[in-house]
Each structure stands twice: as structure tokens, then as C-alpha cells.
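Let's take a walk through this structure together, one stop at a time. Have the sequence and the 3D view ready to hand.

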Amino acid sequence: MESFSPLVLSIAATSFVTFQCLFHFVSPWISAQFFPGYHRLSPRHTIEWNSRTVSTLHALIVGLFCLYILLHDDAVNEDPVWGDPSLVKINVAITCGYLLSDMLLICYYWRAIGDKFFVIHHLAALYAYYYVLSIGMLPYFANFRLVAELSTPCVNQRWFFEVLGYPKRSLPNMVNGIAMTASFFLVRIAVMPLYYSRMYAVYGTEPFYRVTFGGRCAWMGPSFCLDIMNVMWMHKMARGCIGVLRSPGKVNVEKLQNGKVH
């Protein structure tokens with residue numbers, strides 16, 4: 001069995017502790033200072049608020065780092081299966097720390113934010129990332145999947161607006177809805193041809209056959225399943241977005257005023 005490097009373990013552990021601190025201390029303090037509506041949230045919504053705040057921060061860190069690697073890491077781009085995974089390992093280790101932290105919070109606060117789907121998702125992701133962190137295989141594809149995180153902030157913002165009582169047709173909500181649909185399409189749907197063209201290009205090659213059977217299963221199976229769900233979610237988002245834009249009385253002055261930060 002391959003072992004994890006001390007650097008990888010240190011980054012994952014630091015990530016875990018950092019995201020726990022953000023959830024328990026930083027998010028509650030900042031939210032109370034800048035969002036008066038935070039004090040009026042129910043205990044259940046307070047827990048989910050802090051969880052989504054941490055989720056947004058993780059998505060921004062990992063998503064932007066992922067773009068940097070895709071644009072500037074020549075070793076990984078030239079050899080997507082066995083290229084030098086140093087930077088990718090850092091990014092994936094941060095994500096693993098977050099996934100472990102989030103899974104602990106989900107289990108501890110199960111009545112508030114418990115969700116079997118998220119537990120299964122986190123476990124499947126950790127299984128797949130094991131091969132990246134321990135063996136160093138498939139760095140390009142592991143990193144590419146993290147591009148999808150860039151759609152998370154808008155999804156979370158939609159929930160923040162809802163729980164704070166913003167009308168669905170308020171200007172902030174509508175702008176975020178359009179941004180959410182556009183970002184989801186760009187980072188989850190529009191990138192599919194590039195991702196699967198690279199997968200097809202390496203299929204059947206010598207580097208491909210050096211990937212273990214477990215590694216191939218962790219790579220291909222979840223990719224197909226996640227992208228089928230992404231297409232379904234995109235369809236629902238697009239219909240909702242088009243419905244709001246086409247409906248009469250889109251935004252009036254009263255709704256705009258109600259949409260302002262309290």
C-alpha cells in the first residue's frame with residue numbers, strides 16, 4: 001500500500017483544523033458583525049449558515065488554485081495521467097481536509113444539516129483522491145474536477161438570500177440567479193468536451209494501463225455519474241432562470257427596496 005507524504009498529511013490536517021475554526025469561531029463572529037439578520041436565524045439555520053460560509057471559502061480557494069494549475073502547470077497538462085502532481089496534491093489535500101471537516105459537522109449536527117447524499121459524495125471523493133495523494137496518478141483529471149467548485153458560491157448565496165427573507169424577484173436575488181446559472185454552465189457543462197476529450201486521448205495508452213483497476217474505477221465511474229447529475233441540475237436551473245426572466249412584473253421598486261441589506 002502506498003503511503004502519504006508528511007507534507008500531504010500536514011496540509012490535510014491543517015486544512016481540517018482551519019475549516020473547523022472557521023465554522024465554530026470565525027464565521028459566527030463575522031456574520032454577527034456584518035449581517036444583522038444572522039441574530040434572527042433559528043439554531044438550525046445558524047448551523048447551516050456557518051457551514052455554507054465555510055463551503056464558499058473552500059470553493060473560492062480550491063477553485064482559483066485549480067484554475068492556476070490548469071493554466072500554468074505544464075507538467076500536469078502535458079502528462080495528465082502521471083505528470084508531476086506536486087501542486088495538485090496541495091490542492092487535493094486542502095479539499096480532503098475540508099471534506100473530513102464537513103463530514104464531521106454533518107454527523108455531529110445531523111438533525112440540522114444531515115444528508116446521506118453528501119456523506120456518500122464526500123466518501124466517494126475521498127476514495128478517488130486517495131489515489132492522487134498516495135500514488136500521484138491522474139493529477140490533471142483530479143484537479144479538473146475541482147473547477148466545479150467555482151459554482152458553489154452562487155449556490156450558497158441563493159440560500160443566504162432566501163433565509164434572510166429576500167424576495168425571489170428582488171434585484172440581488174435575480175442577479176445571483178443568473179450568475180449561478182451561468183457559472184454552473186461554464187464550470188460543469190461547457191468544460192465536459194475538454195475533460196472527456198483528454199480522457200479519450202489517454203484511453204488505451206501505456207500510461208493508462210499503468211493506472212490500477214481501482215484507480216480507473218475511482219476516475220471514470222464517478223465522472224460519468226456526476227456529469228449526468230450536472231446535466232439534470234443544469235436543465236432545472238435553466239428552466240427556473242428562464243421562467244423568472246419571462247414572467248411579468250419582473251422587478252418593481254418595492255421589491256428592490258425589500259432586497260436591500262438590512
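## Spans, rings and a cavity

According to the unreviewed UniProt entry, the annotation "transmembrane region" covers residues 6-32, 53-70, 90-110, 117-142 and 174-196. Keep in mind that what you're looking at is a predicted model.

How do a couple of those stretches look in the model? Take residues 53-70: the span is 100% helix and 0% strand, and its end C-alpha atoms lie 26 Å apart. Residues 117-142 come out at 85% helix and 0% strand, with 21 Å between the end C-alpha atoms.

Now for the aromatic rings. A ring pair is described by how far apart the centres are and by the angle between the planes. How many aromatic pairs does the structure hold? The count is 23. Start with phenylalanine 144 and tyrosine 195: their ring centres are 5.4 Å apart and their planes stand at 50 degrees, so this pair is tilted. Phenylalanine 144 belongs to helix 7 (residues 139-145) and tyrosine 195 to helix 10 (residues 192-202), so the pair ties together parts that are 51 residues apart in sequence. Are these two residues buried or exposed? Both phenylalanine 144 and tyrosine 195 are buried.

Another pair to find is phenylalanine 161 with tyrosine 166. Here the centres sit 4.7 Å apart with the planes at 40 degrees, so this pair is tilted. Phenylalanine 161 is buried, at a relative accessible area of 11%, and tyrosine 166 counts as buried at 8%.

Back to phenylalanine 144 and tyrosine 195, which belong to a cluster linked by ring pairs. Its members are Tyr140, Phe141, Phe144, Tyr195, Tyr196, Tyr203, Phe208, Tyr209, Trp219 and Phe224.

Last stop: empty space. Rolling a probe the size of a water molecule over the atoms shows where such space is left. There is one cavity of 30 Å³ or more, and the largest cavity has a volume of about 90 Å³. Some residues you've already met show up in the lining, including Phe144, Arg145 and Tyr195. Which helices each supply at least two lining residues? They are helix 7, helix 9 (171-189), helix 10 and helix 12 (213-246). By class, the lining has seven nonpolar, one polar and three charged residues.

Technical notes: Residues are numbered from 1 along each chain as its sequence is written. This is a predicted model: local features need pLDDT of at least 70, side-chain atom pairs count only at pLDDT 80 or more; totals for chains, interfaces and linings use all residues. Side-chain values use heavy atoms; hydrogens and water are left out. Rings of Phe, Tyr and Trp (its six-membered ring) pair if their centres lie within 6.5 Å; planes under 30 degrees apart count as stacked, over 60 as edge-to-face and the rest as tilted. Helices (H or I, at least four residues) and strands (E, at least two) are DSSP runs, numbered from the N terminus. Buried means under 20% relative accessible area, exposed over 50%, partly exposed in between (1.4 Å probe, protein chains only). On a 1 Å grid over the protein atoms alone, a cavity is a set of points where a 1.4 Å probe fits but cannot get out, and a pocket is an open set with protein on both sides within 12 Å along at least five of seven lines; lining residues have an atom within 4 Å of a point. Grid points are joined across faces, edges and corners, and a volume is the space filled by probe spheres set on the points. Ala, Val, Leu, Ile, Met, Phe, Trp, Tyr, Cys and Pro count as nonpolar, Asp, Glu, Lys and Arg as charged, and the others, Gly among them, as polar. UniProt positions are given in the numbering used here, feature names are shortened, and annotations may be inferred rather than shown by experiment.
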